[in-house]
Amino acid sequence: MTKSLPKYAAYLIVGAGALIMLAPFYFMFVFATQSRTDIFNVPPPLWFNGELLNNIGVLTTRLPFWKNVGWSLYVGLMSTALTLLFCSMAGYAFAMLEFRFKKALFALVMGTMMVPAFMNMIPSFMVMDALGWIDTHRALYLPGAASAFGIFLMRQFAASTVPHELINAARIDGCSELGIYWRIALPLMKPALGTLGLITFISSWNNFMNPLIVMRTAENYTLPLALRSLFSTTSTEWGALMAGSAIATLPLLVLFVVSSRQLIAGLTAGAVK
Amino acid sequence: MSLRLPSHWAPYVLVSPFLILFAVFGLFPLLFSLWLAFQSWEPTSGIEAMKFVGLDNFVFALTDGWFWKALRNTLWLATASGVPQHLVALPLAVFLHQAFGRWRGLFSGAYFLPYITSTVAIAMLFGSLFSTDYGLVNQALHALFGTENINWMRSPQAIKPAVAIVVFWRYVGFNLVLYLAALQTIPHDLYQAAKLDGANAWQQFWRITLPGLKPMILFGVTLSIIGGMQLFEEPFILTNGKGGADQAAMTVAMYLYREAFDFSDFGGASALAWIMFGLIALLTWLTNQAFAERRAVA
């Protein structure tokens with residue numbers, strides 16, 4: 001730590017970079033409070049204005065906006081609940097129990113992580129069509145509810161935190177296998193459940209490709225799809241659009257501030273192992 | 001849980017949701033798409049209208065000028081957004097690792113934030129920032145360099161960099177976090193020993209840091225290649241699904257979407273998906289080979 005000059009250079013570069021990374025968010029919130037024309041003033045608006053409610057007013061007349069927000073919440077919560085249940089079940093089984101085809105099945109789980117999203121675009125549309133699930137919300141939360149990533153995360157965590165002795169002791173006491181999962185393993189897996197829950201909710205909240213393929217009516221749209229439909233009209237209501245984008249971003253910012261460490265660790269878990 | 005079933009069934013009960021969902025929404029669609037790739041079929045004419053056409057769909061895709069254009073666009077965008085991600089993320093991670101102590105989390109969080117934000121919200125915002133006449137980017141460029149307004153969204157030359165900038169901004173923090181995690185696994189003793197031997201900071205970086213990061217570089221680059229070849233949401237939303245002026249920002253994944261859902265050619269689009277899958281596998285393999293060879297020489 002003898003040379004302080006390089007250290008200050010590092011502070012400067014990293015700090016300036018961080019400002020550039022955050023600036024778009026700042027402008028998103030500033031623009032959300034500006035009228036459609038003021039956004040493109042010369043010089044551009046750098047501070048907040050009083051048009052937020054007007055912008056939200058435009059949003060709610062052009063879109064069933066609060067309904068769209070509600071659907072996003074509903075789909076996000078459903079997919080989080082189901083993902084936590086299904087992935088913890090499978091992850092626990094892969095980590096703690098012995099059964100036939102276990103290795104092959106787990107290889108299958110890992111294999112599905114490699115399949116690019118566009119491979120599933122056409123056939124999953126056809127499956128939804130065949131099931132009559134087009135324009136329904138379960139088409140958004142059910143198919144991904146046993147995600148390979150989630151199972152992998154749960155397996156890693158269970159393997160390192162659930163003690164085999166505890167499970168054996170419960171077995172001797174006559175606890176059923178499913179009871180052991182539910183009453184002993186699941187409470188021990190709480191931290192990982194929290195991480196997976198956050199990741200699942202966020203990716204559902206942001207999901208664009210799946211709703212694009214299966215949703216049909218604006219009444220049923222989730223937030224990203226609804227916002228995009230506003231973009232496609234000929235004269236874009238930029239103020240309203242920015243207000244909508246800000247509302248779509250705000251919950252994520254809050255979640256991130258509260259839990260960034262946990263989130264980052266979870267999202268890079270596959271890499272670091 | 002009062003239900004009692006033979007205990008050797010329990011594992012299968014526990015993995016059954018995965019198995020069922022995977023069979024219905026994972027495996028079956030994948031096999032079906034492989035089968036579709038050899039059929040000529042428009043979904044509106046019913047399942048009976050499906051006709052086996054052998055390799056026709058593949059031949060058509062590979063002789064289709066639009067596919068090659070989309071592939072060139074994709075490679076351009078993947079390179080222009082992917083290479084800078086790593087060239088920026090790696091040194092930044094080293095700076096953060098060496099000089100930031102307890103503020104590290106805060107700063108890496110700032111870089112990571114775009115990764116967890118909605119693509120639609122981001123694309124909307126950048127759509128306004130890149131607006132031609134009075135957009136913030138053009139105003140800033142004019143103020144700083146006196147440049148003429150660039151028609152970001154409507155000129156084929158400018159739309160590609162615009163999309164690449166958005167993609168870069170979105171994913172650079174993810175790579176930063178990967179490198180930061182890898183840096184923490186390099187033993188501190190190595191640096192101490194190097195310092196005793198009189199190695200300067202630059203030599204330490206080339207001889208210790210970079211070799212130590214190699215596995216993570218391979219991992220990060222592989223993820224960038226896989227992600228870059230699948231680019232869909234950012235260009236799709238920024239160009240309203242159409243690919244922009246002269247289709248200059250139409251990626252293969254976007255072309256595939258249009259072929260299926262705008263032109264109802266499900267067979268052709270499925271063939272395209274499998275061609276891309278093969279290409280991604282090939283590129284991933286080549287990357288691994290390149291890294292393995294380097295390791296053997298070193």
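Visitor: Leaving aside its neighbours within four places in sequence, which residues is A:M154 in contact with?

Guide: A:M154 is in contact with A:C87, A:S88, A:G91, A:Y92, A:M189, A:A192 and A:L196. Contact here has a cut-off: the two C-beta atoms, placed from the backbone, lie within 7 Å. Bear in mind that this is a predicted model, in which local features need pLDDT of at least 70, side-chain atom pairs count only at pLDDT 80 or more, and totals for chains, interfaces and linings use all residues. As for names, residues are numbered from 1 along each chain as its sequence is written, while chains are lettered from A and ligands numbered from 1 in the order in which they are written.

Visitor: What does the predictor say about confidence in chain A?

Guide: Chain A averages a pLDDT of 88, and 96% of the residues score at least 70; pLDDT is the predictor's confidence in each residue, from 0 to 100. Within chain A, confidence is lowest in helix α14 (residues 269-272), at a mean of 61, and highest in helix α3 (residues 65-96), at 96. Chain B averages 87, with 94% of the residues at 70 or above. The model as a whole scores ipTM 0.88 and pTM 0.90.

Visitor: How many helices and strands are there in chain A?

Guide: Chain A has 14 helices and zero strands. Both are DSSP runs, numbered from the N terminus: helices are H or I with at least four residues, strands are E with at least two. The C-alpha trace of chain A spans about 75 × 70 × 35 Å along its principal axes.

Visitor: Why are α2(A) and α13(A) called roughly perpendicular?

Guide: Helix α2 (residues 52-62) of chain A and helix α13 (residues 238-267) of chain A pack at an angle of about 90°, their axes 8 Å apart. The axes are lines fitted to C-alpha atoms, for helices over the stretch in contact, and angles run from 0 to 180 degrees between N-to-C directions. Angles under 35 degrees count as roughly parallel, over 145 as roughly antiparallel, 65 to 115 as roughly perpendicular and the rest as oblique. So α2(A) and α13(A) are roughly perpendicular.

Visitor: And which residues meet there?

Guide: From α2(A) come A:L52, A:N55, A:I56, A:V58, A:L59 and A:R62, and they meet A:G239, A:A240, A:A243 and A:G244 in α13(A). By class, the residues of this contact are six nonpolar, three polar and one charged. Ala, Val, Leu, Ile, Met, Phe, Trp, Tyr, Cys and Pro count as nonpolar, Asp, Glu, Lys and Arg as charged, and the others, Gly among them, as polar.

Visitor: Why is A:F101 called exposed?

Guide: A residue is buried if 20 or more other C-beta atoms (placed from the backbone) lie within 10 Å of its own, exposed if 12 or fewer, and partly exposed in between. A:F101 has 12 other C-beta atoms within 10 Å, so it is exposed. A:F101 sits in the loop between α3 and α4 (102-114) of chain A, and its phi is positive, near 65°, in a residue other than glycine.

Visitor: What makes A:D135 partly exposed?

Guide: A:D135 has 15 C-beta neighbours inside 10 Å, so it counts as partly exposed. A:D135 is in the loop between α5 (121-131) and α6 (138-141) of chain A, with a positive phi near 70°.

Visitor: Why is α8(B) said to lie largely in the open?

Guide: Helix α8 (residues 188-196) of chain B has nine residues and the number buried is zero, so the helix lies largely in the open. After α8(B) comes B:G198, whose phi is positive, near 85°.

Visitor: Which residues touch the most other members of the largest nonpolar core?

Guide: They are A:A90, A:Y92, A:I151, A:M154, B:Y179 and B:L256, in a core of 157 residues. Helix α7 (residues 156-183) of chain B gives the most to this core, with 16 residues. A nonpolar core is a set of buried Ala, Val, Leu, Ile, Met, Phe, Trp, Tyr and Cys residues joined through C-beta atoms within 7 Å.

Visitor: How many residues does each chain put into the contact between them?

Guide: Chain B gives 73 residues and chain A 75. The largest share of chain B's side, 18 residues, comes from helix α1 (residues 10-36) of chain B. That side of chain B has 53 nonpolar, 17 polar and three charged residues.
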